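Subject: Structure handover

Dear colleague,

I am passing on the structure below, with notes on what was found in it. Please read them with the coordinates open.

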Amino acid sequence: MSVAEITTAMVKELREATGAGVLDCRKALEQANGDMEKAAQILREKGAAAAAKKAGREAREGRIEGYVHPGNRIGVLVEVNCESDFVARTPQFQELAHELALHIAFANPRYVLPEEVPAETLEAVKAEFRRAALAEGKPEAVVDRIVEGRLKKFYEDTCLMEQLYVRDDSIRIRDLIQQAIARLGENIIVRRFVRYELGEEATQS
């Protein structure tokens, strides 16, 4: 089996796509025998493993990032935490916080994680999905599976961590954060956010 030559251009392309370090990109490309997609998957898995190892570590430093969309009709504040003030002041962390604020402005999530969806909201959503499936004539035996599938889509629409990243829909926000954890070496979490849209309360009242 021939071994693909790993060029500087390939390493650069993978680094731009994933944000991983040069050495990590080269190793991933070598492991994937030059296959860019496989190499990106290797880096994502490495990032997930690194994130899992750091998940229990306390993250109380960080920054509150603000974003106001041109036209001043949408504004976002998001609190992104890390473990040290040193990392909080790095350009990479600040860029991550900005990207998260921008994403929230565009994607309009309601929660950070699926676990934050209130129990009464979740039960109401499940009941509605069940009613809809039965109204569509779906057999009772498969309704629960249909509800679970639609619930997964509900989480992807409403929970920040499950949403596809607006700049790159090949990854989710949780992947973006895992990449940052692998790159910066600290646990990183989104603690909370608020999104304002001009006239929103007046419309809802």
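By the rule used here, to how many aromatic pairs does the count come? The rule pairs rings of Phe, Tyr and Trp (its six-membered ring) if their centres lie within 6.5 Å, and planes under 30 degrees apart count as stacked, over 60 as edge-to-face and the rest as tilted. The count comes to one aromatic pair. F154 and Y155 form it, with 5.9 Å centre to centre and 55° between the planes, a tilted arrangement. Both F154 and Y155 are buried, where buried means under 20% relative accessible area, exposed over 50% and partly exposed in between (1.4 Å probe, protein chains only).

Some conventions first. This is a predicted model, in which local features need pLDDT of at least 70 and side-chain atom pairs count only at pLDDT 80 or more, while totals for chains, interfaces and linings use all residues. Residues are numbered from 1 along each chain as its sequence is written, and side-chain values use heavy atoms, with hydrogens and water left out. Helices (H or I, at least four residues) and strands (E, at least two) are DSSP runs, numbered from the N terminus.

Cores. A nonpolar core is a set of buried Ala, Val, Leu, Ile, Met, Phe, Trp, Tyr and Cys residues joined through side-chain atoms within 4.5 Å. The largest one has 30 residues, and those with the most contacts inside it are F93, L100, I173, I177, I188 and V190. Two or more residues each come from β2 (74–82), α4 (85–88), α5 (91–107), α8 (173–184) and β5 (189–197). The most, eight residues, come from α5. Leaving out residues up to four places away in sequence, L100 touches V80, I173, L176, I177 and V190; contact means heavy atoms within 4.5 Å. Another core, of 13 residues, lies apart from this one and includes L122, F129, I146 and C159.

Helix α5. This helix has 17 residues and reaches 24 Å from its first C-alpha to its last, close to the 24 Å expected at 1.5 Å a residue; the expected span is 1.5 Å times one less than the number of residues. Its buried residues, including E99 and H103, pack against β1 (61–68), β2, α4, β3 (164–165), α8 and β5. Just after α5, N108 takes a positive phi of about 55°.

In α6 (residues 119–135), L122, V125, F129 and A133 are buried. They are on the same side of α6 because they cover an arc of only 70° around the axis, taken from the directions from the helix axis to the C-beta atoms. E120, R131 and A135 are exposed on the other side of α6. The buried residues of α6 pack against α7 (140–158). In turn, α6 and β4 (168–172) are among what covers the buried residues of α7, which include V143, I146 and E156. Just after α6, G137 has a positive phi of about 85°.

Cysteines. Searching the whole structure gives zero disulfides (pairs of cysteine sulfur atoms within 2.5 Å). C82 counts as buried because its relative accessibility is 0%, and C159 counts as buried at 0% as well.

One remaining item concerns E45, in helix α3 (residues 36–54). E45 is partly exposed, with a relative accessible area of 48%. E45 and D175 are 130 residues apart along the chain, and their C-alpha atoms are separated by 9.3 Å.

Regards
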